[in-house]
Amino acid sequence: MKEPQADMHLNGIDTVFLKAEHSRRLMTVTSLWTFKTRLDSELVYEALEKLCESYPRFARVPRHEGFFKPATWTVPVGWRPQDNIVVHTLNPSKLSLQQYCAEQVVIPFDYTKPLWELHAISGLEDDRCAFFWKAHHSLADGEGFIRALLSTTSLGATLKKIEEQSIVDHRQHNKNTNKPASVIPKHIQDLLPSFVIQAFSFICVVVWHIYCFSLVISHDVYSSFISISPFGMRKDLYYKGLQSHEKEMAWSNDVSIKDIKLVRQAFGGTLNDVMLAVITRCVKHYLEGVIGKRQDDYINLLIPVSLRQPNDWRFCNVVSAAMGFFSMKDISTQQLVNQVRSQMLAIKSSQSPLLMYQYFEHVLGKIPGLSPPISIYNHYCDIPHGVFTNVPGPTVPISFAGGEIQEYRTFPPQSGKGSIGIALISYCGKVSIGAIADKSRWYPGLADHICQHFTDEFNFILEEAKMELSKKPPRKGAETTVIRLYFPFLGHTNLPTKFRANQAYNMSLLLNDIQLPLLVKAAIVDHNTLSWNNLDQLSSLWTVFSKCKSNIRDGFRLENLSWRLWYRQSILQKKETPKTSQDINYSSVNQSRSLRRTRSLPNLSQWQPNVASPLLPLKKAETIKLVPSKQPLSSLLPQQRKKQKFFISTDDTQMQPEDQLLFKKTHTTQPKMNSDTTKPVSLLTEMLNGNGSQKTSSGLRRCQSRYGRLDQFFLNAA
């Protein structure tokens, strides 16, 4: 790839990075790649030669700068790509690798050679190796470096497709963003005239632009005041004296992008908003926990703003920056994310980064001699607490020189004395940060502490997000969809039209959208229905609804419905071929079944009336008093056993008349109950009184019907 002739000169931003550098604050961009096995040196040299051929700035140095003439990229004499490769062997530990990278990042470049280096590091754990890239920021911005370095990997063949796809996505994004987002629900839009919807949408757009304009004005005014005021200097992460020439570098563990999506669902915002909230919490924890004192209420981070077009893949700096102020006060996670969102919205909507870029391009890009002195650069670089940049990486594993890259880290340069540089990079569906800071006795272990607590702070916010999501009700129509899926035999009554004939619906996506327990999702059979004739699954479904009814809309109704379905199916499974009273063989039924006591009835086997004879008629004024029987039931005579309560003989003797009473209670002088408060009648009492009986006596009757009537009763009840 041959660059245009215009790119042979340093532009305005390239000149700024060269002028703002001094020996204690190098404008160096670094990246760390780790491999599982050692690489072939011939393949590495071949990849570097391809890199220098495709991007000529990797093979040139800036020379011949004048007051009215910008520097040009000149080819050094007798240089080879192998001259910028350094081979080193380390002890097998992560700390040794971090210390080596921190030692190399403070070494200035040799301006007689191209401003980049490649350190091949071996001797890591499990015989792994690593490549530590080091390049000057005047070569290109972050997107330019990513594009150039990825061209040497296995992803280089598909970069052209990515460029074309980025243009299509940009056009689609602009096409979609030009349309005002509808804030009126669909079912309400169907009821309103079109002019009402258009007027309401226009009002919403106007209000939104007014809100964005107010955010931009307040942000830009405050940033300008901080920049020109002597009272705008930060107090935290700043120390007196010269800036330390020693650095410390660290990187965090990986965080899954799927978990970040959960946090975004709970609190809103973009990936950058969530990560900035986590980093703000980490800095706050370091100042309050390690240092023991926090003096600033807001952390001021310099946010790079890319001004590239989708089809602009030049290897140069097309970037500006703006300051973002993120709260370190004691506020909730939702409030912190909202505050970060408002700041990032103000930065994206502001025209200040573009104006700054145009100024440097037209002034310093044409007249480098008008560059301000180094003291001005030092003042503006010392204002923010640090730099935060997001570097999008590949979503699939890539390989370099035949070896697959396992870990992919990046590190931005520091902004000023005591500041911290933080880079967020995504690789293979995971996100991590890399940090670089000064090594000083006033703020010891700053980079390592932030990286170590990055995952802890994120996990805390993730658990809080899961709790918030569990409180939110499911989306409208989700419960109806669940009922239709699990109970297809109920028909389509009172179901929305879109759920009636959509059998090819993607069940995996639907179940992921619905906030249901895993037990309910696991009960799906054939991906679209529930086996309704399976009592175990119906019972499990009722258990889930009974435990989660408080977190599901209409949960109590779903619990009741699932229990009724389970009870209905249990009755249907017990139901055999219908029989008439003439077809039932009562003698065989009597021999195979016996009446058993239940826990709901008192045990009266050892109780007997305190009268001379159990069949002696009582007077109306007398009542029955039961006393414990001193004689066990087994010692009674056969005639007496027949007369005990709930004793049914299996002999073929003739049954007693139906109207003969075992015990009879006479009416006492107790007050009558109100007809409105009817006493509930149990199922057993109804059986004993008989179906269709006209007698209303409240005394217990002997169960003198045959055993078959129990089956007949349940058949009729079903």
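## Nonpolar surface patch

Ile 188, Leu 191, Leu 192, Phe 195 and Val 196 together form a nonpolar patch on the surface, with about 470 Å² of accessible area. Patches consist of residues with over 30% relative accessible area and no salt bridge, like charges being joined within 9 Å and nonpolar side chains (Val, Leu, Ile, Met, Phe, Trp, Tyr) within 5 Å. A salt bridge is a side-chain nitrogen of Lys or Arg within 4 Å of a carboxyl oxygen of Asp or Glu. Areas follow the Shrake-Rupley method with a 1.4 Å probe; for residues, only the protein chains shown count as cover.

Leu 191 lies in the loop between α6 (186-189) and α7 (194-228). Leu 191 counts as exposed because its relative accessibility is 71%; exposed means over 50%, buried under 20%, and partly exposed in between. Helices (H or I, at least four residues) and strands (E, at least two) are DSSP runs, numbered from the N terminus.

## Basis of the model

This is a predicted model, in which local features need pLDDT of at least 70 and side-chain atom pairs count only at pLDDT 80 or more, while totals for chains, interfaces and linings use all residues. Residues are numbered from 1 along each chain as its sequence is written, and side-chain values use heavy atoms, with hydrogens and water left out.

## Six-stranded open sheet

Six strands form an open sheet of mixed pairing, in the order β4-β5-β6-β1-β13-β12. Its edge strands, β4 (85-89) and β12 (399-400), each pair on one side only. Two strands pair if DSSP finds at least two bridges between them.

Within this order, β1 (residues 28-35) and β6 (residues 129-136) are antiparallel and share eight bridges. Thr 30 has Lys 134 in β6 as its bridge partner.

All eight residues of β14 (residues 420-427) are buried. Ile 420, Ile 422, Leu 424 and Ser 426 point one way, and Gly 421, Ala 423, Ile 425 and Tyr 427 the other way.

Strand β11 (residues 386-391) runs parallel to β14 and is joined to it by six bridges; Val 391 has Ile 425 as its bridge partner. With β15 (residues 430-438), β14 pairs in the antiparallel sense over eight bridges, and the partner of Ile 420 there is Ala 437. Two residues separate the strands in the hairpin of β14 and β15, where Cys 428 takes a positive phi near 60°.

## Annotated domain

An unreviewed UniProt entry places the feature "domain: Nitrogen regulatory protein areA GATA-like" at residues 541-568. In the model this span is 79% helix and 0% strand, and its end C-alpha atoms lie 14 Å apart.

Terms used. Buried < 20%, exposed > 50% of the residue type's maximum accessible area, 1.4 Å probe, protein only. UniProt positions renumbered as here; feature names shortened; annotations may be inferred.
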